[in-house]
There are 2 protein chains.
Amino acid sequence: MKNKFSILANEYRFMLLDNVLPFWLNHGFDREYGGMLTGLDRDGSLLETDKSIWFQGRALWVFSEAARLHGKQAEYQEVCSSLVSFIERFGFDPSDGRMYFRVSREGKPVVKRIRYVFSETFAIIGFASYSRAFGKKEYATKAYNLFHTVLDTLANDILVPKYERKSRGFGLPMILLNTAQELREACPEHAEELNRFIDGLLKEIETYFVRPELEIVVEQCAEDGALELEHFEGRLLNPGHAIEGAWFIMREARYRNNDATLMQLGTKMLDWMWKVGWDKEHGGIIYFRDALGKSATEYWHDMKFWWPQCEATIANLMAYSLTGDRHYLEQFSQADQYVKRHFIDGEFGEWYGYLHKDNSLSTPLKGNMYKGPFHIPRMYLVCNSLFSELAKVE
Amino acid sequence: MKNKFSILANEYRFMLLDNVLPFWLNHGFDREYGGMLTGLDRDGSLLETDKSIWFQGRALWVFSEAARLHGKQAEYQEVCSSLVSFIERFGFDPSDGRMYFRVSREGKPVVKRIRYVFSETFAIIGFASYSRAFGKKEYATKAYNLFHTVLDTLANDILVPKYERKSRGFGLPMILLNTAQELREACPEHAEELNRFIDGLLKEIETYFVRPELEIVVEQCAEDGALELEHFEGRLLNPGHAIEGAWFIMREARYRNNDATLMQLGTKMLDWMWKVGWDKEHGGIIYFRDALGKSATEYWHDMKFWWPQCEATIANLMAYSLTGDRHYLEQFSQADQYVKRHFIDGEFGEWYGYLHKDNSLSTPLKGNMYKGPFHIPRMYLVCNSLFSELAKVE
């Protein structure tokens, strides 16, 4: 008789391969112009013809990982090749090598965000994963080179607007951590360099954003590390974001032979931000909280978005797999049940993205410039792997 | 016995002078560093020490108009002088003469938005109104000069990001219309020039944004006027914004001896967008709609914000005063009753800013970088004047 982890592994594999990925292959994959459309309505019909450059890299990562981990190279070869080609042909501004944020369906530039490097970081993880899944080492090299372009861009300080108050944001080191982890898998020859880079990011996160004095992870602080509690942004807590960072750190603990210090850092971040973020009344991870419990200024603060639920699901299961502490398994179940009850669309597949605080639907669309094939399939991918491991142990 | 319009005139005057303005004078006016703080919690306590440059100009307009129209020069001299001084000392970047968006409490630059001229337009209306209220003609001249700086900035095309799809937005001509109208009151010697400028704006609004084929006012269209129905932004309807523009046009009709063509344009915009925007289930003007009724991507689309209610209240009362059509008076009453029931804070004064679709409170704060003393006191000011006129006629 199969144990419960093996049942869950199959369930998550089914949701990945037979529900979520087919939704995007059937409705988002643009066989005419190449790449992935993400502006899709509930039933998959097209709401927006522009393409997100973030999502070309993110979808490439997702389909490549699904191909690699589930032996689906033949099935996902076409979409992955198309994504790679779209990124290489239309993702970069030839004048400076920086990437666009949004292009038209056929690939004409529409928006470039010069102050952010996230189009680049998602292309890096896409190329890295594509290289591993399809044995194309040249894309590991391209990923590595693009990673260094990003580091150069960051070093040149052009990302800091002239007049902004100098602050540190959690998002950048958190995304760079994940980027370097993915790149390391594709470029083992650079593991030593990337480990040192990751050491720096971990130190930055722990020093500046993990704040024992309030038992919170902040999104922003002053350059010298001072809390900015007199400003809206300085008090802003984004529990889903912090919990995503927590499992990147737990993943690093696993990579480093279950390093106890990193395990403690990751689980502490999860513990604090689950407590802050889980809505005890209606369930689900709430979007924003205020560090001092003051009134929110972001008017969508009390909504439930899809991706914080994904990150909380992964983080709790990973914490259980690392520590064996059953309260993480219970929290995983809370998140898992909440998603099944409120987010999954039983009729057309995939998940809704945006619920009100009381879990009623705000908008039924399946994708836009910020929601597409990433957090949800990543959750099914990562949790399927964790369940498969747990099934062997139990 | 007083008639109902004179009762309403008194009620709106009371709300302006004894409720809303005292809230900002008592809690927002910064007697230490000068200017107006707007990041205030429900009870007026400070949530954010930075100052919005928009709101220095907007508050200056509001307090100057209240001083001028209600003989309160002595009461509001201090706050108006402080606002003028704060704008002149801290609002401008000396390197290029452009204005900041956000500064610290003591006036240090924090954010500058080089692609927008709204800090400038609100300073113009503030200076213009200050000039009229306190007999300081030099501020009419400063307003006029700043207006020409704005026109030069717009002509230089530096506001268009390199890669953005070339589109036209409703916001700019709409705000420029209001700016030119306010400036004309302070600079009658430039009326002819400003009338011609306003003619151009009216033509632009009617040609590009008022769309009889769908009976809507769009927020954005292609440079050549094509509807962009394949894009989220091209389908986005902002009923409160369109209705605000509608009463600026009705105001122009009044200025031009009840010009019938402009009256029809303004009331048509109101008719269409009231139909699109009024929530028949819960009341109130909803924030966003989709031109084709497709799923929204902006997740706050179904919320009720304070300012669309203000604009709908003014527009319906003005339409009634222009046309005598009683259905506008009925719509005014719907908006007025809705506000009284859901937005006004009976305990601490002023209004809430952000309600969910069902009118439950999203956040109780009274102000932030976008909510401060402007739409609400402007509504009480404009409606008080309209009621006073109507009371004389009835």
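Student: Where does Asn258(A) lie?

Tutor: Asn258(A) sits in the loop between α9 (239-255) and α10 (260-277) of chain A. Those labels come from DSSP runs, numbered from the N terminus: helices are H or I runs of at least four residues, and strands are E runs of at least two. Before we go on: this is a predicted model, where local features need pLDDT of at least 70, side-chain atom pairs count only at pLDDT 80 or more, and totals for chains, interfaces and linings use all residues. Residues are numbered from 1 along each chain as its sequence is written, chains are lettered from A and ligands numbered from 1 in the order in which they are written, and side-chain values use heavy atoms, with hydrogens and water left out.

Student: Why is Asn258(A) called partly exposed?

Tutor: Buried means under 20% relative accessible area, exposed means over 50%, and partly exposed is in between (1.4 Å probe, protein chains only). Asn258(A) comes out at 46%, so it counts as partly exposed.

Student: What is noted about phi of Asn258(A)?

Tutor: Its phi is near 55 degrees, a positive value in a residue other than glycine. In chain B, Glu350(B) has a positive phi of about 55 degrees too, although it is not a glycine. Glu350(B) is in the loop between α12 (326-342) and β11 (354-355) of chain B.

Student: How do you know whether Glu350(B) is buried or exposed?

Tutor: Look at its relative accessibility: at 0%, Glu350(B) counts as buried.

Student: What makes Arg132(A) and Glu65(A) a salt bridge?

Tutor: The rule asks for a side-chain nitrogen of Lys or Arg within 4 Å of a carboxyl oxygen of Asp or Glu. Here the N to O distance is 3.9 Å, and the pair passes. Arg132(A) lies in helix α4 (residues 118-134) and Glu65(A) in helix α2 (residues 53-70) of chain A, so the bridge ties together parts that are 67 residues apart in sequence. Arg132(A) is partly exposed at 27%, whereas Glu65(A) is buried at 6%.

Student: How do you know that Glu389(A) forms a salt bridge with Arg254(A)?

Tutor: Their closest N and O atoms are 2.8 Å apart. Glu389(A) is in helix α13 (residues 375-393) and Arg254(A) in helix α9 of chain A, so this pair joins parts 135 residues apart in sequence. Glu389(A), at 33%, counts as partly exposed, and Arg254(A), at 28%, counts as partly exposed as well.

Student: What makes the pair Asp279(B) and Lys357(B) a link between distant parts of the chain?

Tutor: They are 78 residues apart: Asp279(B) is in the loop between α10 (260-277) and β9 (289-290) of chain B, and Lys357(B) in the loop between β11 and β12 (361-363) of chain B. Their side chains meet in a salt bridge at 3.2 Å, N to O. Asp279(B) is buried, at 3%, while Lys357(B) is partly exposed, at 25%. Over all chains, a search finds 71 salt bridges.

Student: How many residues of chain A are in contact with chain B?

Tutor: 43 residues of chain A touch 43 residues of chain B, where contact means heavy atoms within 4.5 Å. The two chains bury about 3500 Å² between them, 49% of it on carbon and sulfur atoms; this is the accessible area (1.4 Å probe) lost on being put together, summed over both.

Student: Which side chain of chain B does Arg102(A) meet in a salt bridge?

Tutor: Arg102(A) meets Glu233(B), at 2.7 Å from N to O. The count between chain A and chain B is three salt bridges.

Student: What is the largest nonpolar core, and which residues have the most contacts inside it?

Tutor: It has 281 residues, and Phe63(A), Tyr76(A), Phe63(B) and Tyr76(B) have the most contacts inside it. Such a core is a set of buried Ala, Val, Leu, Ile, Met, Phe, Trp, Tyr and Cys residues joined through side-chain atoms within 4.5 Å. Leaving aside neighbours within four places in sequence, Phe63(B) is in contact with residues including Leu21(B), Trp24(B) and Tyr76(B).
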